[in-house]
There are 2 protein chains.
Amino acid sequence: MAKIIPGKSGSKKDVITLKASTLFRKKGFSATSMRDIAESIGVEAPSLYNHIQSKNEILKDICFRIARLFMGYLEEVESGTQSNLSKTESIIRFHISLMTEEYESVYIADHEWKHLPEPFLSDFKNQRRNYRSRLAAILQKGIDDKEISKVNSHVAVLTILSAISGMESWQRSGKKIDAKLLEEDMIKILIEGLRNK
Amino acid sequence: MAKIIPGKSGSKKDVITLKASTLFRKKGFSATSMRDIAESIGVEAPSLYNHIQSKNEILKDICFRIARLFMGYLEEVESGTQSNLSKTESIIRFHISLMTEEYESVYIADHEWKHLPEPFLSDFKNQRRNYRSRLAAILQKGIDDKEISKVNSHVAVLTILSAISGMESWQRSGKKIDAKLLEEDMIKILIEGLRNK
DNA sequence: GTAAAAAACTAATAAGTGTTAGTTTTGGAA
DNA sequence: TTCCAAAACTAACACTTATTAGTTTTTTAC
């Protein structure tokens, strides 16, 4: 009866992914059923299978799209010529902006990836590890140049990424704080915390 | 056949809660079945109901115990006479130490509370909000005293709590970094990021 | 050693899971 | 109008879910 109408979002698969993202973020991947997703679109559950292969595929698509975005930007920054502290700031800003623009997907890639089936789980974890150690390498260079204060670079990466990832709890909570202010204050705390004095 | 043997942990209910915590953290609350919990103890699922009321009760116990610990420490600090930056540091240190000592439970209280059934969900969210705004109040006083740099206090709270909450991903990853080093470096970044210059 | 209480067991329930099969409806092109 | 493919539908599958009922085993207390 009802029909999946692709909006500006693109294909019907995209509509499903979008609606599923909202639910995965709100209730978690495991607690979200295919019937939940179908209902939020206004369709019966089996109809979804005309457009997707499985529930897992939706999760996989979300996680790897986000991973690709982050990895792409990291590569851009790596080949740049700015100082390492400034490279770090660029990456933090990218994380924050992606978090504000696509926080449902970013949240899922951050918190629900553990439900990926193999071999995607291993692949994702590798990409994650790779990303973090390359970010740590940038920080380490900054530390060696005495531009960044002497801390364990992996701890610094952890601190940065976690701080940003927690933005989602603000995103949900009704935007009492202006997005730009949030970004600037968070940058201030993190960058001043890292800067060598 | 097998029997639930209460170790040093206390009652049999405590054993169940402990084993459940490990699974809830590893697989998530929804993806963990009562059979999973039972198996990890070496017992059949229905036997668990001699000691607990429901799966939800386990989650409730975990979340509220952690909430009580944090709230208790906050009250202690609030009534202290140290500077506000130093109060903040105490609280950060408490968070970090609880995270290293009881990271499974802390992780669950941090990430799985959304699966609490009403009215516990509302109660928990209220406590959470209350805790955060009281922590923000401490920071605000520090800002007014020009001891802490001028940032939005709620953003600062968010940054601090999220940074610490991310420690769990290190906890899991095989402790390559020494716990004390992690604590000191994280404190360094956060406190130097907050200190007024 | 025996009685009572605690805690395990098996069997079963009703509801929910992702997904498939087979069928009907829909929308666009000829 | 007719035809065809896309995409919806209903019915059903095999399985898993939390939990209950009823029973047997184990532990505790005397």
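Trainee: Which residues touch the most other members of the largest nonpolar core?

Mentor: This is a predicted model, in which local features need pLDDT of at least 70, side-chain atom pairs count only at pLDDT 80 or more, and totals for chains, interfaces and linings use all residues. Residues are numbered from 1 along each chain as its sequence is written, with chains lettered from A and ligands numbered from 1 in the order in which they are written. A nonpolar core is a set of buried Ala, Val, Leu, Ile, Met, Phe, Trp, Tyr and Cys residues joined through C-beta atoms within 7 Å; buried means that 20 or more other C-beta atoms, placed from the backbone, lie within 10 Å of the residue's own. Of the 88 residues in the largest core, those touching the most other members are I160(A), I164(A), I160(B) and I164(B).

Trainee: Leaving aside neighbours within four places in sequence, which residues is I160(A) in contact with?

Mentor: Contact requires that the C-beta atoms of two residues, placed from the backbone, lie within 7 Å. With neighbours within four places left out, the partners of I160(A) are I92(A) and L190(A).

Trainee: Which element gives the most residues to the side of chain B that touches chain A?

Mentor: The contact takes 31 residues from chain B and 31 residues from chain A. On the side of chain B, the elements giving two or more residues are α7 (153-165), α8 (167-172) and α9 (179-194). The one that gives the most, with ten residues, is α9(B).

Trainee: How are the two copies related?

Mentor: Superposed by least squares on the C-alpha atoms of residues with pLDDT of at least 70 in both, chain B can be laid on chain A with an RMSD of 0.0 Å by a turn of 180° and a shift of 0.0 Å along the axis. The copies are therefore related as by a two-fold rotation axis.

How values were computed: Helix = DSSP H or I, 4+ residues; strand = E, 2+ residues; numbered from the N terminus. Buried ≥ 20, exposed ≤ 12 C-beta atoms within 10 Å, placed from the backbone.
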